[in-house]
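Thank you all for coming. Please have the sequence and the structure open while I talk, and I will go through a few parts of the fold one after another.

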Amino acid sequence: MAVAATENPLVEGLERLPVPATTLVIFGATGDLCRRKLLPALYNLAHEGALPERFNMIGVSRREQTDDEFRDQARESIQQFSRRAPDAQVLDELLGRMYYLGISFDDTPGYARLGAKMDELDKEGAQPPNRVYYLSTAPEYFPVITEAIKDNNLHHHEEVEVRAVIEKPFGTDLASARSLQDVVHTAFRERQVFRIDHYLGKETVQNILVLRFANGIFEPVWNRNFIDHVQITVAESLGVEGRGRFYEEAGAMRDIVQNHLLQVLSFVAMEPPGSFDVESVRNERAKVLATLRQLGTADVVRGQYDAGFSGGVAVPAYRDEEGVDPNSLTETYVAARLAVDNWRWAEVPFYVRTGKRLAKRVSEVAIQFKRVPHLPFSYAASEQLEPNVLVLRIQPNEGIALRFGAKVPSTRTQIRTVNMDFDYDTAFATAPAEAYETLLVDALRGDATNFIRIDAVMDAWRVVDPVIHAWQNEGGAPHLYPAGSWGPEAADDLLAREGRRWRRP
């Protein structure tokens, strides 16, 4: 299921591992995530020959339609959102393996139709394919679908692997996460559950481990003795884009901080694993989250965007967006100071921030090193010298940059800060795969390295829970910031009180 690739010596070693025969069931197949991300990801995997020869996809959603109607919609989605122009032959072959069932998620007896369809597809080969359920629905349906799968005895199979991929958020606070886990645990063992956070599929996030543990120049200085602080930024220039009702329930703390930002932090701060097997890596990431200090309201600044300009165009305030309460206190911006209470990171602050309608779209990790203990140069020669910073660009333009001091070509000594830059497109002559491509193929293979274990989920909620409940119980208005800015001034004060400032990407 792929176009024959021309030989390219620059992509040697980038070949994907084989994937066993699989039937993928996507609940919420007519939803926005499936349309924009999952279907294009499946096409690109098919284009690259990363899907198995025996691959089936069954879309499940409440809307009634035929297989052909669903295939037409899938074709339009792939043509619109795929990172490469679709090849007609590959696309037709993939669409021919897609099926659709209109089943209301709470119609437990209706799941018998799903079981019958999978049994029908099982008969096409000597060995039944593995079964992977992808829950791409609103979070309130996660327990409903899980219980219906169990009630119809679809949660296990004597001959093949059965897995469940569950989208974020896994709960809305610590109590609800525990409640959801109680339901999931009745149907699936932990090894069957793949809790997805698409940031863990991004190349630069995964490359943090290689940067640290495959290069002798970085790991010796990756600690409190050399690092002054770490900044992790997930900034969006867009607003809520018609998702006001959803965002009113979520907010930036639940939508980004509890998952994306804390998971990226765990990659940056983890100890070297004994080996690169699934549990060794996940153990070390989980240890970081277990040692994170709980947040208090004094550690956090929350903001909400006001009217302003984005890309030179006037845009409304959050409270004027469709579906948003005119008196909303929901945060569209969060900045926080986090502390990792262990030997390596004692007294090294981790500053995280995320927001909508900020000055530009960028996600990055910036590791700022301590200044040298003594500069033998005159002040005039070195006044423009800034601290060394290692920047890991997650999106856009994935890559790594190192900021350091260099002598300006001249007959006298003058030092200026310069950048050394690496980007994936240039180095490997190919753009990195989309995160969902990486994570989908991992789930089909049963590799849980880049998925989140339940103990890590619970610890992430433990860290943010006090602030979430304080905001709910104590009220208080978020700081307003103009759309198109870098957030509220109070966020600058969070660093300024310790003599630091936010990096401007």
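Predicted model: local features only at pLDDT ≥ 70, side-chain atom pairs only at ≥ 80, totals over all residues.

Let me begin with a term: two strands pair if DSSP finds at least two bridges between them, and helices (H or I, at least four residues) and strands (E, at least two) are DSSP runs, numbered from the N terminus. Residues are numbered from 1 along each chain as its sequence is written, and side-chain values use heavy atoms, with hydrogens and water left out.

With that in place, the open sheet has six strands in the order β3-β2-β1-β4-β5-β6, and their pairing is parallel. Its edge strands are β3 (98-102) and β6 (193-195), each of which pairs on one side only. Between β2 (residues 55-61) and β3 there are five bridges in the parallel sense, and G59 stands opposite Y100 in β3.

Elsewhere, β13 (residues 362-369) and β14 (residues 389-395) pair in the antiparallel sense over six bridges, with L390 in β14 as the bridge partner of I367. Strand β14 is mostly covered, since seven of its seven residues are buried, where buried means under 20% relative accessible area with a 1.4 Å probe, protein chains only.

Which residues touch the most other members of the largest nonpolar core? Such a core is a set of buried Ala, Val, Leu, Ile, Met, Phe, Trp, Tyr and Cys residues joined through side-chain atoms within 4.5 Å. Of its 107 residues, F27, Y111, L114, Y133 and F350 touch the most other members, and the largest share, twelve residues, comes from helix α8 (residues 244-269). A second, separate core of 38 residues includes A46, L94, M98 and L439.

Just after α12, G446 takes a positive phi of about 85°.

To finish, consider a pair of helices, α9 (residues 278-291) and α13 (residues 454-474), whose axes come within 8 Å and cross at roughly 20°; axes here are lines fitted to C-alpha atoms, for helices over the stretch in contact, and angles run from 0 to 180 degrees between N-to-C directions. Because angles under 35 degrees count as roughly parallel, α9 and α13 are therefore roughly parallel to each other.

Technical notes
Buried < 20%, exposed > 50% of the residue type's maximum accessible area, 1.4 Å probe, protein only. Parallel < 35°, antiparallel > 145°, perpendicular 65-115°, else oblique.
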